[in-house]
Amino acid sequence: MASNARAEFADVVIVGGGAAGLSLAHRLARTGIGDFVVVQPSRGRLRPPERTWCHWAQGPDEFEDAVSASWERLRVRGPDGSTVVSDPSPMTYRMIRSGAFEELVHRGLAGHPQARLVRGAVHEIRQYPGGAEVVCTLAEGGRLALHGRYVFDSRPLPFLPPARTVLLQHFWGWFVRTASARFDPGVADLMDFRVPQPRHGLAFGYVLPLAPDHALVEYTEFSREPLTSAEYGAALRHYAGRVLRLGPYSIVAEEQGVIPMTDARFPRRVGPSVYRIGAAGGATRPATGYTFSAVQRQSRDIVAALRAGSGEIVPPPYGRRALAMDAVLLRGIDAGRIDGPAFFTDLFRTVPGERLLRFLDGRTTPREEFAIGLRTPVAPMLRTAAELPLLRRRARPGAIGAPRPEENPR
């Protein structure tokens with residue numbers, strides 16, 4: 001036990017208050033399985049800034065009160081300006097802001113007699129027979145040793161596991177207000193390839209309209225390294241001014257991020273009683289960067305396993321077929337064999353919207369996947385699939401990349 005630390009006990013300890021940690025806490029509170037503690041950073045430098053999480057779902061769900069906007073139509077624009085508009089009904093594309101999600105979950109925890117929220121910084125997780133100890137420093141001072149039968153760690157990994165391919169989905173976005181109506185609130189632009197393409201990887205614009213004069217406008221790249229903040233700013237100004245032709249606008253908020261897109265294998269169990277969840281547990285879809293929907297499946301599976309008292313506590317978020325297809329696509333883009341803008345534009349043009357979203361979520365049948373595969377560049381995909389078994393998995397030097405803020409991006 002940690003010296004000079006107050007000790008407390010719980011059935012479950014959840015480390016981290018992001019989407020994965022809070023989603024699991026929310027699910028535990030709704031099902032009433034034992035007592036649990038969520039350790040979340042206090043407000044300050046260790047606490048991440050507000051983030052946007054997007055996903056697709058069918059009908060109202062338990063997070064409806066945290067949804068800030070939704071769209072019934074999705075649009076992809078090719079490099080030549082050609083437009084593909086998809087109707088994925090009965091599903092809609094939804095935006096959740098992390099602050100609203102946190103408030104919703106915290107309200108549920110406050111009314112749960114067996115839930116507790118601890119504000120503090122975790123320093124160490126120690127194993128012992130039958131459980132684990134989470135050592136943290138509390139926001140109000142003092143040290144606390146939380147002992148749990150199960151510990152679920154949702155903190156981001158400082159380093160990626162060895163992989164054959166690693167690309168980064170890195171982005172910078174502005175919430176803008178325009179002087180006049182410039183957006184269609186009924187359509188979300190998932191990929192707009194009318195931006196200059198990098199020599200390696202691909203780039204696109206991303207527009208989520210919140211009102212006719214209000215939207216999140218982002219510049220995104222899939223490439224090996226992030227840009228400088230000055231480069232993101234230049235790309236955003238070009239996209240907003242030259243491509244979207246927004247006219248006068250003001251920036252009311254901004255967001256940035258880096259999401260690894262990799263065929264690395266993420267261990268979900270790192271000790272007899274310690275498990276990784278969320279992106280650290282492989283919940284990020286390698287070929288798209290989407291995570292929120294897989295986090296919800298993962299949370300439901302964990303609670304089901306705890307209720308049953310048997311089986312795999314944290315099942316894989318995606319099946320082997322989905323991960324194998326993603327590995328081929330990532331390697332093909334990284335090797336320059338697959339034209340990323342053409343690939344995604346053609347996919348949205350030829351595959352029905354609802355089926356495509358299920359495919360991106362890893363929930364299609366083998367027959368559906370075979371039919372979708374025939375709509376991709378078959379020869380480069382087969383060549384890449386044949387090459388993958390010959391490649392070694394290598395550790396990526398250095399920590400996971402992040403934007404370099406040498407200058408203000410505005």
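**Sheets, helices and cores of the predicted model**

Strand 13 and strand 14 (residues 214–223) run antiparallel and are joined by nine bridges, and within this pairing Phe 204 has Thr 220 in strand 14 as its bridge partner. The description given here rests on a predicted model. Both strands belong to an open sheet of seven strands, in which the order is 6-5-12-13-14-11-15 and the pairing is mixed. The edges of this sheet are formed by strand 6 (83–86) and strand 15 (249–262), each of which pairs on one side only, and from one strand to the next the twist averages 20°.

On one pairing, strand 12 runs parallel to strand 5 (residues 73–77), the two being linked over five bridges, and here Arg 73 has Val 187 of strand 12 as its bridge partner. Strand 12 is also joined to strand 13 (residues 202–211), in this case by two bridges and in the antiparallel sense, with Asp 189 standing opposite Val 207 in strand 13. Helix 5 lies across strand 11 (166–178), strand 13 and strand 15, and its direction makes an angle of about 85° with strand 11.

The largest nonpolar core comprises 42 residues, and Tyr 93, Leu 208 and Phe 344 are those with the most contacts inside it. Helix 5 (residues 320–334) gives the most to this core, contributing five residues. In general, nonpolar side chains in soluble globular proteins tend to be buried together. The surroundings of Phe 344 can be described residue by residue: when residues up to four places away in sequence are not counted, Phe 344 touches Met 191, Phe 193, Leu 202, Phe 222, Ala 287, Leu 329 and Ile 333.

Strand 4 pairs with strand 7 (residues 91–97) in the antiparallel sense over four bridges, and Ser 70 stands opposite Arg 94 in strand 7.

Two other helices are in contact with each other. Helix 7 (residues 353–360) packs with helix 8 (residues 366–373) at an angle of about 105°, their axes lying 11 Å apart. Since angles of 65 to 115 degrees count as roughly perpendicular, helix 7 and helix 8 are therefore roughly perpendicular to each other. The contact brings Arg 355, Arg 358 and Phe 359 of helix 7 together with Glu 368, Glu 369 and Ile 372 of helix 8. In composition, the residues of this contact between helix 7 and helix 8 divide into two nonpolar, no polar and four charged.

Note on methods:
Residues are numbered from 1 along each chain as its sequence is written. This is a predicted model: local features need pLDDT of at least 70, side-chain atom pairs count only at pLDDT 80 or more; totals for chains, interfaces and linings use all residues. Side-chain values use heavy atoms; hydrogens and water are left out. A nonpolar core is a set of buried Ala, Val, Leu, Ile, Met, Phe, Trp, Tyr and Cys residues joined through side-chain atoms within 4.5 Å. Buried means under 20% relative accessible area, exposed over 50%, partly exposed in between (1.4 Å probe, protein chains only). Contact means heavy atoms within 4.5 Å. Two strands pair if DSSP finds at least two bridges between them. Axes are lines fitted to C-alpha atoms, for helices over the stretch in contact, and angles run from 0 to 180 degrees between N-to-C directions. Angles under 35 degrees count as roughly parallel, over 145 as roughly antiparallel, 65 to 115 as roughly perpendicular and the rest as oblique. Ala, Val, Leu, Ile, Met, Phe, Trp, Tyr, Cys and Pro count as nonpolar, Asp, Glu, Lys and Arg as charged, and the others, Gly among them, as polar.
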